[in-house]
Amino acid sequence: MAGSFDEYLQKVALPQVKELMSNVKPEVLWWDTPGRVMTPERAKSLHDLLTLDPGIIENNRLGGGFRGDTETPEG
């Protein structure tokens with residue numbers, strides 16, 4: 001998709017995560033975001049969607065200072 005990362009975040013990533021959280025309702029969510037561009041504001045927009053299931057377990061790779069529940073370092 002041509003365009004800015006913010007456009008991608010708004011038009012693709014946020015709707016997809018919202019759909020996952022609303023329809024699939026996973027117990028675990030493994031983020032794999034591009035850390036260099038994931039600012040606290042960008043990460044918060046995704047992290048806020050986790051309020052749809054407060055018990056979900058997430059890894060530490062959302063970026064933007066969000067620590068997650070478990071570490072998933074690169075091997």
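Ground rules first: I am working with a predicted model, where local features need pLDDT of at least 70 and side-chain atom pairs count only at pLDDT 80 or more, while totals for chains, interfaces and linings use all residues. I number residues from 1 along each chain as its sequence is written, and side-chain values use heavy atoms, with hydrogens and water left out.

**Fold.** I looked up the secondary structure and got two helices and two strands. Read from the N terminus, the order is α-β-α-β. Helices here are DSSP runs of H or I with at least four residues, strands are runs of E with at least two, and numbering starts at the N terminus.

**Size.** The C-alpha box along the principal axes is roughly 35 × 30 × 20 Å.

**Burial.** I get 28% of the 75 residues as buried, where buried means under 20% relative accessible area, exposed over 50%, and partly exposed in between (1.4 Å probe, protein chains only).

**Val 28.** Which strand holds Val 28? I find Val 28 in strand β1, residues 28-29. Val 28 counts as partly exposed because its relative accessibility is 42%.
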